[in-house]
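Good morning, everyone, and thank you for making the time.

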Protein chains: 2
Amino acid sequence: MSFTQRLREIQSKQNSLLCIGLDVDADKIPPHLQSAENPVLEFNRQIIEATRDLVCAYKPNLAFYEAMGERGLASLRETLKLIPKNVVTIGDAKRGDIGNTAERYARSLFDDFGFDSVTVNPYMGFDSVEPFLKNPDKGVFLLTLTSNPGSKDFQRLKIGTKLLYEKVVQAAKKWNTNQNLGLVVGATHPRELKAVRKIVPDMPILIPGIGKQGGDLKSAIRFGCDSHGQLALINASRSIIYASSGKDFAEAARAEAGRMLKKIRQYLEAMC
Amino acid sequence: MSFTQRLREIQSKQNSLLCIGLDVDADKIPPHLQSAENPVLEFNRQIIEATRDLVCAYKPNLAFYEAMGERGLASLRETLKLIPKNVVTIGDAKRGDIGNTAERYARSLFDDFGFDSVTVNPYMGFDSVEPFLKNPDKGVFLLTLTSNPGSKDFQRLKIGTKLLYEKVVQAAKKWNTNQNLGLVVGATHPRELKAVRKIVPDMPILIPGIGKQGGDLKSAIRFGCDSHGQLALINASRSIIYASSGKDFAEAARAEAGRMLKKIRQYLEAMC
């Protein structure tokens, strides 16, 4: 089954488009967990247990684990084992390198860590993306129009009648021969999200930037979903995992994830 | 002292523009090293000992170490300790993420691993590059026109009268307020390398793509150097470190590096 088809089934069964970003910062782990054998792993374990029925995906960003050295990467590996098989894992690594090197990254993220999908940077072109696309079971989210201020620096440059990120969308559509390619479009660009969804009616779109970054959930749902109300992945990281810094952090994360999911479902219903 | 100034001094003292890419593939390590406690580290140790007087820089590509898991990253960390302080280390990681996340990558590569410089992907714009530029001692090589076939997919798209990679050059020139920013331009694009050097007469240019990828050394020197015959870093990886797969691999690497350095010096002299 292709990655995109599997994502559809998971989103149906979980009745959720919510993705939680496991961007764990050692400094922000609640004090009472600091004495645990592995505070990062314990934090993730409790977040996952508290939210696993509310999400379609978890997305750890590799930077946060790499910043903790080999121990951080070991924690990431253990975290992945705790994620139930009925949700998707996204390795947010934003890698990109020449063909023979990209193969190594694909091997590390897919085979060694075991991620179901990864984020990839398009700048180096097709041979840097191809090694990630070979296995139809494994998914790729190609950076398209990112949620950060710097997205205006190059992604919005005008190329003839198109902008650069639209060229990325066109290329991705062409490269998606295995039905396992998706895009990353920030919720901070609702109008552009709508336009992108029209061009790729059946590709997954990972939508970060809700919450701290100021993106609007309602338009992310309205413009990001396909015609079945699927294939948008609404990512929230800090607003959920750091909803509380106390002993109730996992409950608070569940409550916040629940609030978001409720809104997602309301907005989806309103569309039907 | 800024990174660029330090690179100048190192290139003068070493009388070399050669950078060796330590892209170590577990499968390609000579059989007689397989019984060593840490074959990767032993391989790198011998390569570094055999070539340390011939280079201005070593450039490990993170993908090759990540593909070996935490053990690979530990080997990379140990490898960095073996590199003499009188040459530059380049962490070829091609990272790029939103500001708060890019900070984590910078911390990991500069503070934790201790690289002198890193490669960074420009696609996500200024806030994704800025965290790497804060410390003037630490350098950044921004991907500009890469050596691979996919470089044509986006990097050469036309924006008004410029191409995308030229926009990256212009931005980099503006962002280089700490004299620690350089560019990556593949030796497979000699004409463009010449044009880029004219725009940035005093920024370092890392030039991969010599050897297996087909780039020409003579034009890389001729077009990549600044007016003092400096600031080009000529990278070779596989052609040097896998010059022999036998017990003589280190000697063979030295011989190949020596051949390249001799040519580099000849081409430099011919320019004066």
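I will go from the relation between the chains to the barrels, and then to some of the helices and strands.

Please keep in mind throughout that what you are looking at is a predicted model.

Let me begin with the two chains, A and B. Chain A can be laid on chain B with an RMSD of 0.0 Å, by a turn of 180 degrees and a shift of 0.0 Å along the axis, and that is the relation of a two-fold axis. The same surface serves both copies, since 100% of the contact residues of chain A recur in chain B.

Now to the barrel, and I will take chain A first. In what order do the strands of chain A close into a barrel? There are 8 strands, and they close in the order S1-S2-S3-S4-S5-S8-S9-S10, with parallel pairing. From one strand to the next the twist averages 30 degrees. To look at one pair in detail, S9(A) and S10(A) run parallel and are joined by 3 bridges, and A:Ile207 stands opposite A:Ile234 in S10(A).

In chain B, a closed barrel of 8 strands runs S1-S2-S3-S4-S5-S8-S9-S10, again with parallel pairing, and here the twist averages 30 degrees from one strand to the next. Strand S1 of chain B, residues 18-21, is joined by 3 bridges to strand S2 of chain B, residues 57-59, and the two run parallel; in S2(B), the bridge partner of B:Cys19 is B:Ala57. Helix H8 of chain B, residues 190-199, packs on the sheet, where it touches strands S5, S8 and S9 of chain B, and its direction makes about 165 degrees with that of S8(B). Helix H9 of chain B, residues 217-224, lies across S9 and S10 of chain B and runs at about 160 degrees to S10(B).

Strand S4 of chain B, residues 117-120, pairs with S5(B) in the parallel sense over 4 bridges, and in S5(B) the bridge partner of B:Thr119 is B:Phe141.

Let me return to chain A and its helix H5, residues 99-112. This helix has 14 residues and reaches 19 Å from its first C-alpha to its last, close to the 20 Å expected at 1.5 Å a residue. Its buried residues include A:Arg104, A:Tyr105, A:Leu109 and A:Phe110. What covers the buried residues of H5(A)? The cover includes strands S3 and S4 and helix H6 of chain A, together with helix H3 of chain B, residues 62-66. After H5(A) comes A:Gly114, whose phi is positive, near 90 degrees.

The axes of H5(A) and H6(A) come within 8 Å and cross at roughly 35 degrees, and the crossing is right-handed. Among the residues that make this contact are A:Ala102 and A:Ala106 of H5(A), and A:Pro131 and A:Phe132 of H6(A).

Finally, consider helix H9 of chain A, residues 217-224, whose buried residues are A:Ala220, A:Ile221, A:Phe223 and A:Gly224. What covers them includes helix H8, strands S9 and S10, and helix H11 of chain A.

Conventions. Residues are numbered from 1 along each chain as its sequence is written. Chains are lettered from A and ligands numbered from 1 in the order in which they are written. This is a predicted model: local features need pLDDT of at least 70, side-chain atom pairs count only at pLDDT 80 or more; totals for chains, interfaces and linings use all residues. A residue is buried if 20 or more other C-beta atoms lie within 10 Å of its own, exposed if 12 or fewer, and partly exposed in between; C-beta atoms are placed from the backbone. Two residues are in contact if their C-beta atoms, placed from the backbone, lie within 7 Å. The expected span of a helix is 1.5 Å times one less than its number of residues. Two strands pair if DSSP finds at least two bridges between them. Axes are lines fitted to C-alpha atoms, for helices over the stretch in contact, and angles run from 0 to 180 degrees between N-to-C directions. Copies are superposed by least squares on the C-alpha atoms of residues with pLDDT of at least 70 in both. A crossing is left-handed if the near helix is turned anticlockwise from the far one by less than a right angle, and right-handed if clockwise.
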